[in-house]
Structure formats: structure tokens, C-alpha cells
Amino acid sequence: MSFRRAPNPNRNHPLHCPWCAGEDLLPNTEDDFAWLCRDCTRVFSVRYHGQDAPARRPAPALSTSAAIQLSLSRRGHLNDPAVSPAGPTATGDLPGAVREENARLVEKHADELYDAPADVILAWAREHVPGRLAVTLSMENTVLAELAARHTPDADLLFLDTGYHFEETLAVARDVDRRYPQTLVTATPTLTRAEQDAAYGPGLYRRDPAACCRMRKVEPLAVHLTPYAGWVTGLRRADGPTRAHAPALSLDATGRLKISPLVTWSLVDTEAFIADHDLIRHPLTTQGYPSIGCATCTLPVADGEDPRAGRWAGQNKTECGLHS
Ligand code: SF4
């Protein structure tokens, strides 16, 4: 794809790599002003801070990704982020009898399970769910994997690999696969990161995180839930105001059972269980990351801060859409 940018008085492109003087430079998505030197493979940033004479100071420069996005979209080269790539995006239909049974189970048991302990909720799930069960794991911690191995050993473990995870998260997923006998299913988005950049422009997670989460989380999970009558989540009411009244048992939009055995747990309860059972630990949870999502959208938080304050920090977004 080739395109020409309109002249931008605020942006000067570097002519040489400051390390090796190489001239083969390409914009890079590491940050908004990053460049890759293809001679020495270093990535560096060049940032324009303005001029010394306020009267002549131009408007702030566009970031690299914003400039590319603007240029491509003006020329009609980019897909509309509201339109997902071709391929399945939704969960397949449940058989009518399973759907009816799920609705009946929620009607009858949701109240009694609302504040029940995790082992009681999972034992209930093993006895009642009218079909296969998936236990979704974010790998932020491995409590659900441990509980599932004890109480719902026939359930599959389901991990959503968005392509943007911390390397530490992927390492935890590999360790879980080695430690627990259950099948670990890995759900991936339709597009790789490179394919998404080419189709929608680089840095979609910054420009339109709702679209990015829809394509890389919500839709892949929906598609991979098709074989299951119910799914287990790690939702905790203590995770923040948006989850303060999360039920332990409910129906999702497709009529599947959504079971959250940890709803009553606090961060302290979770830590105690991890220590008592010597579980696999995500190393970033001891480095200021109590809630871990994609590396591009997760920052550490201060002591005492809302545990999810580091998720999409600075953006008007608090949930990825998996639990709405
Ligand atoms: S958390 Fe960020 S990178 Fe991950 S899917 Fe959502 S917007 Fe994209």
C-alpha cells in the first residue's frame, strides 16, 4: 500500500539513526513518535516540543499512528472499525431444550447461590449444567484452574489470547497447561496483530479500544463458547463498582449459564488461596498490577487504588465487554 501524507509543518522525520547513522528508517508502533532503524534494529523516538517564540509556535504534531490513520482513512484505505473482519463473530445457537433448562436453573438457584462459597457453586455446576462447561482463565491468577481441577474436572479451560498479552501472561498459560490435566483451549482473534494493523491502521487499541476489544476479546470468546452449555468466570464483586452486584449464577445473552464462583472473594481471599495451595503466580501481580489485561492497555496502580484503575487508564473505558 502506498500513500502520500500532506505536508506537516510540525513533524520532521529523522534522516539518520542516532546510533548507527543508518538511513533505512520506518515509523514504529512502540510509541507515538517511534522509529525503527532497519540497519541496527534499534527503535527510538523523535519528539517535537515546539519553538521558542510562542507567537510562531505551531499546533502540536499528530502522533505517527494518528497521522498514518488520518492519511489512510482520507484515501479510503482502511476498514471501518465498527465492521469486524469476515468470519464468525457470535456464539452458535443452543439446542432449545438446553436453553429452557438453563433458564429454569437460574430461576430456581440464582438466589441460593448468590453468596455461596466457591466450592459449593462449582459442585452445583458439576451436578446441574446440562452439557459441557468451559472455565475461562485470564491467567492473572490460576485460582479458577485449581478449583476447576478439584470440583469440575470434566470442564475445559478456556484462555483468550488477544495477541497483546504480556509475555508473563503467556508463560502462566503454558504452566497451567503443564500442571492441570484438563484440556486448555486457546481462543484467538480472526486477525493477527499485523493483519489488524493493515486492515484498520496501527494502534487501534489506542484510537478505538472498544472496537479492538470487540474484535480481539468479545467475538473470539463468543465463537469459542459455542460447544458449551455454560461458562465459569473469575468475576469478583470486589474488583470495582461495575462488578459490585455481579450474580454467582445468571444467563448470558445466548442463554448459556454464566457461573462466577469467586464473586464474594476479595483480593486478600485470592492471595490467601494462592499462598495456601502454592499456585502458579503471575509475576506482575507482585509488581503493582492487581488486574492484568493486554500489555498495551494495562498500567500498574498505586497501593489502595481501585484494582482495575490501571485498565485502559486515561480512556473512557472500564470493561472489555466480556461481562456486559
Ligand atoms: S485490552 Fe487493549 S489491546 Fe486488548 S483487546 Fe482490548 S483494546 Fe485491544
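Predicted model: local features only at pLDDT ≥ 70, side-chain atom pairs only at ≥ 80, totals over all residues.
Biologist: What is the idea behind a salt bridge, and how many salt bridges does the structure hold?

Modeller: Side chains of opposite charge can pair when their charged atoms come close. The structure holds 13 salt bridges.

Biologist: Which residue forms a salt bridge with Glu101?

Modeller: Arg104 does, and the closest N and O atoms are 2.9 Å apart. Both residues belong to helix α2 (residues 96-113), where they are three residues apart, about one turn of the helix. Glu101 is partly exposed at 24% relative accessible area, and Arg104 is partly exposed at 42%.

Biologist: Where do Glu146 and Arg179 lie?

Modeller: Start with the pair itself: the side chains of Glu146 and Arg179 meet in a salt bridge, at 3.7 Å from N to O. Glu146 lies in helix α4 (residues 143-151) and Arg179 in helix α5 (residues 167-179), so this pair ties together parts that are 33 residues apart in sequence.

Biologist: Is Glu146 buried or exposed?

Modeller: Buried means under 20% relative accessible area. Glu146 has 10%, so Glu146 counts as buried. Arg179, with 39%, is partly exposed.

Biologist: What about Asp239 and Arg243: are they buried or exposed?

Modeller: Both Asp239 and Arg243 are buried. Their side chains meet in a salt bridge, 3.8 Å from N to O. Salt bridges with shared partners join Glu140, Arg236, Asp239 and Arg243 into one network.

Biologist: Now the sheet. In what order do the six strands stand?

Modeller: Strands of a sheet pair through backbone hydrogen bonds, either parallel or antiparallel. Here six strands form an open sheet in the order β6-β5-β4-β7-β9-β8, with mixed pairing. At the edges stand β6 (184-187) and β8 (249-251); each has a single partner strand, so one side of each is left without a neighbour in the sheet. From one strand to the next, the twist averages 30°.

Biologist: How many bridges join strand β4 to strand β7?

Modeller: Three bridges join β4 (residues 133-137) to β7 (residues 230-232), and these two strands run parallel. Val135 stands opposite Val232 in β7.

Biologist: Which strands does helix α3 lie across?

Modeller: Helix α3 (residues 118-128) lies across β4, β7, β8 and β9 (257-259), and runs at about 155° to β9. Helix α5 also packs on the sheet, where α5 touches β4, β5 (156-160) and β6. The direction of α5 makes about 165° with that of β5.

Methods:
Residues numbered from 1 in each chain as written. Heavy atoms only, no water. Salt bridge = Lys/Arg side-chain N within 4 Å of Asp/Glu carboxyl O. Helix = DSSP H or I, 4+ residues; strand = E, 2+ residues; numbered from the N terminus. Buried < 20%, exposed > 50% of the residue type's maximum accessible area, 1.4 Å probe, protein only. Pairing = 2+ DSSP bridges. Axes fitted to C-alpha atoms, helices over the stretch in contact; angles between N-to-C directions. Contact = heavy atoms within 4.5 Å.
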